Amino acid sequence: MNAYPRIENAGISAWLVRLFDRIDENNLASIMALYRKCEETFGPALVDLVPSYTTLLVHYDPRLLGPEQARLKLQGLLAELSPTEASHAGSLKELPVWYDPTVGPDLPRLAEKNALSLDELIELHAATVYQVFALGFAPGFAFMGSVDPRLEAPRLATPRPKVYAGSVAIAGRQTAAYPSQSPGGWSLLGRTPIALFDHSREQMSHLQVGDRVQMVPINKQEFLRLGGNPTPQEDA
């Protein structure tokens, strides 16, 4: 039986800290507490930190820190990690969303499948404060969860070749918003006018791992006022 947490070799200048053996939204606080400790402790030797559902990947500069030194630092941080530090909540960010079949063509299908009205489905999706578990797939694409079980939806059998930037979607018990136009196989519910990724910003991704996100339903007029793209989403 494997003990957790454990530190695994991830190359000549990285260690992977595996804190948990399964995905759980309660994991995130501990992962982000370790993230903050690494920022404080590694200093200029830290190259990058990549948090995910159960792990934290720690990249360091081998010119400033040897592999064994880095591993010992991580061991020390894990030993010192306290429940109080792990309970620190991330930033709360509101994400305005225009829920409408023209930009969220899967709304009617999911409502019918789950025996809900469109308003009930929208209310359920917007009622949860989601946690950002990981960034991936595309720059700024934030995997968030967990959606209400009544909204759970499988990925599409055939992904759409083009999903517009800002599209808010569900897959399984996760939700996300597409930061840029790309192919996509998630069920689309609506669209946000917020620029989720921008190279010109100091913090390029609007959402960060550890953030808490509240969806806020808005109407089309407000969506357009905020600079949203109303181009209808092709259903194919």
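Let's start with strand S4: five of its six residues are buried, so S4 is largely enclosed by the rest of the structure. Keep in mind as you look around that this is a predicted model.

**The open sheet**

Where does S4 sit in its sheet? The order of the four strands in this open sheet is S1-S2-S4-S3, with antiparallel pairing. Strand S1 (6–9) and strand S3 (46–51) are at the edges and have a single partner strand each, so one side of each is left without a neighbour in the sheet. Ignoring direction, neighbouring strands here are turned by 20 degrees against each other on average.

You can follow the pairing strand by strand. S1 and strand S2 (residues 14–18) run antiparallel and are joined by four bridges, and Ile7 stands opposite Val17 in S2. S2 in turn pairs with S4 in the antiparallel sense over five bridges, where the bridge partner of Ala14 is His59 in S4. S3 and S4 also run antiparallel, joined by five bridges. Here Asp48 stands opposite His59 in S4. The link from S3 to S4 is a hairpin through three residues.

H1 touches S2, S3 and strand S4 (55–60), and its direction makes about 180 degrees with that of S3. Helix H2 (residues 67–80) touches S1, S2 and S4, and its direction makes about 25 degrees with that of S2.

**A closer look at H1**

Several residues of H1 are buried, including Leu28, Ile31, Leu34, Cys38 and Phe42. Just after H1, Gly43 takes a positive phi of about 55 degrees.

| Strand pair | Direction | Bridges | Facing residues |
|---|---|---|---|
| S5 and S13 | parallel | six | Lys93 and Val213 |
| S5 and S12 | antiparallel | two | Trp98 and Arg191 |
| S9 and S12 | antiparallel | four | Ala169 and Leu188 |

**Two nonpolar cores**

In soluble globular proteins, nonpolar side chains tend to be buried together. Which residues touch the most other members of the largest nonpolar core? Of its 26 residues, they are Tyr99, Leu121, Met144, Leu189, Val213 and Met215. The elements giving two or more residues to this core are S5, helix H4 (107–113), H5, S6, strand S7 (142–145), S9 and S13. H5 provides the largest share, four residues.

Leaving aside its neighbours within four places in sequence, Leu121 is in contact with Leu107, Leu110, Ala111, Leu116, Leu151 and Leu189. Apart from this core lies another, of 17 residues, among them Leu34, Phe42, Val58 and Ala70.

Is Arg160 buried or exposed? With a relative accessible area of 3%, Arg160 is buried. Arg160 is found in strand S8 (residues 160–163), and a polar contact of 3.0 Å joins its side chain to that of Asp106.

Ser182 belongs to strand S11 (residues 182–184). Ser182 is buried as well, because its relative accessible area is 12% and buried means under 20%. Beyond its neighbours within four places in sequence, Ser182 is in contact with Phe137, Pro161, Lys162 and Val163.

Definitions and conventions
Residues are numbered from 1 along each chain as its sequence is written. This is a predicted model: local features need pLDDT of at least 70, side-chain atom pairs count only at pLDDT 80 or more; totals for chains, interfaces and linings use all residues. Side-chain values use heavy atoms; hydrogens and water are left out. Two strands pair if DSSP finds at least two bridges between them. Buried means under 20% relative accessible area, exposed over 50%, partly exposed in between (1.4 Å probe, protein chains only). A polar contact is a pair of N or O atoms within 3.5 Å; within protein, one must be able to donate a hydrogen and the other to accept it, and residues adjacent in sequence count only if both atoms are side-chain atoms. A nonpolar core is a set of buried Ala, Val, Leu, Ile, Met, Phe, Trp, Tyr and Cys residues joined through side-chain atoms within 4.5 Å. Contact means heavy atoms within 4.5 Å. Axes are lines fitted to C-alpha atoms, for helices over the stretch in contact, and angles run from 0 to 180 degrees between N-to-C directions.
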